[in-house]
Amino acid sequence: MDYLISEGYPSAAQKFASEANIQPTSAVDSIEERVAIREAIYRGDIRSAIEKINELDPTLLENDDSLHFALLRLQLVELIRTCGARSTDDATPAMNFATEELAPRAPTNPEFLEDLERTMMLLIFERKDLPPQIAALLEPKLRKDVAQRVNEALLKEQGEKTKARLFNLVHLRAWSEQKARETKKDLPEHMGFGLELMHNNGHGNGNGKSHVGPTHSNGEAEAMVA
């Protein structure tokens with residue numbers, strides 16, 4: 001149940017609660033809102049994401065300066081991505097945003113200042129000349145990391161587990177196997193996770209393989225790299 005809630009599967013969570021005859025938690029009702037926030041971040045619409053966060057939990061960003069700064073910094077990255085940020089392009093919107101929204105917050109935390117300085121380097125270099133650590137800011141991973149932080153913060157405010165038990169069990173299983181192999185225990189070359197039953201019961205992904213984590217539609221994947 002906690003996996004379905006934390007990873008954003010509203011229909012499955014409602015069905016599971018009904019079939020198991022358990023009372024859904026308040027977090028089930030907010031799944032669709034959290035999914036909408038995640039999708040907005042994935043496609044780079046950070047302004048919309050912040051508005052949705054404030055609608056769902058008006059005090060979250062007020063009480064979490066680090067998360068708020070991470071979102072604003074990502075919004076700056078998206079502005080720089082949009083304007084092109086080369087000498088022949090108009091970087092005024094990005095500069096104004098950095099001056100008005102990020103510069104006043106940066107001196108309050110050394111990490112904020114460092115993050116802002118690194119982000120502003122996107123305005124200095126041609127894209128092809130960016131240092132790897134700076135070019136990484138334009139990769140989909142930054143959107144994904146910020147989206148995960150937002151999701152976990154919202155779940156925490158709602159009193160839900162931020163990490164699904166299923167993930168913990170998988171990690172424990174992998175760790176146990178690694179330790180057993182290190183001590184030269186007699187184990188098969190490959191040990192599955194016993195997820196074949198999921199496929200046999202009609203819960204696989206349709207290609208003979210079962211899937212543990214959430215998947216993204218093609219449109220969502222394309223939004224992350226747009």
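Biologist: Which residues does Met121 touch, not counting residues up to four places away in sequence?

Modeller: Some ground rules: this is a predicted model, where local features need pLDDT of at least 70, side-chain atom pairs count only at pLDDT 80 or more, and totals for chains, interfaces and linings use all residues. Residues are numbered from 1 along each chain as its sequence is written, and side-chain values use heavy atoms, leaving out hydrogens and water. Touching means a contact, that is, heavy atoms within 4.5 Å. Leaving out residues up to four places away in sequence, the partners of Met121 are Leu130 and Ile134.

Biologist: Where is Met121 found, and what does it count as at 26% relative accessibility?

Modeller: Met121 sits in the loop between α9 and α10 (132-135); those α names are helices, meaning DSSP runs of H or I with at least four residues, numbered from the N terminus (strands are runs of E with at least two). For accessibility, buried is under 20% relative accessible area, exposed is over 50%, and partly exposed is in between, using a 1.4 Å probe and protein chains only. At 26%, Met121 therefore counts as partly exposed.

Biologist: Arg118 is also at 26% relative accessibility; how far is Arg118 from Leu137, C-alpha to C-alpha?

Modeller: Arg118 is in helix α9 and counts as partly exposed. It touches Leu137, as well as Arg73, Gln133 and Ile134, not counting residues up to four places away in sequence. Arg118 and Leu137 are 19 residues apart in sequence, and their C-alpha atoms are separated by 8.9 Å.

Biologist: Is Ala180 buried or exposed?

Modeller: Ala180 belongs to helix α12 (residues 165-182). Not counting residues up to four places away in sequence, Ala180 touches Lys185 and Leu187. Its relative accessibility is 18%, so Ala180 is buried.

Biologist: Why is the pair of Phe69 and Phe112 called stacked?

Modeller: Rings of Phe, Tyr and Trp (its six-membered ring) pair if their centres lie within 6.5 Å; planes under 30 degrees apart count as stacked, over 60 as edge-to-face and the rest as tilted. That rule gives one aromatic pair. The centres of the Phe69 and Phe112 rings are 4.3 Å apart, and the pair counts as stacked because the planes meet at 5°.

Biologist: How many residues apart in sequence are the parts that this pair ties together?

Modeller: Both Phe69 and Phe112 are buried. Phe69 lies in helix α7 (residues 65-83) and Phe112 in helix α9 (residues 110-120), so the parts they tie together are apart in sequence by 43 residues.

Biologist: How far apart are the end C-alpha atoms of helix α4?

Modeller: The expected span of a helix is 1.5 Å times one less than its number of residues. Helix α4 (residues 31-42) has 12 residues, so it should span 16 Å, and the model agrees, with its end C-alpha atoms apart by 16 Å.

Biologist: Which residue with a positive phi follows α4?

Modeller: The buried residues of α4 include Ile37 and Ile41. After α4 comes a residue with phi near 85°, namely Gly44.

Biologist: Over which residues is the pLDDT below 50?

Modeller: pLDDT is the predictor's confidence in each residue, from 0 to 100. The protein chain averages 76, and 62% of the residues score at least 70. The stretch below 50 has 27 contacts in the model beyond near neighbours in sequence, and it covers residues 195-223.
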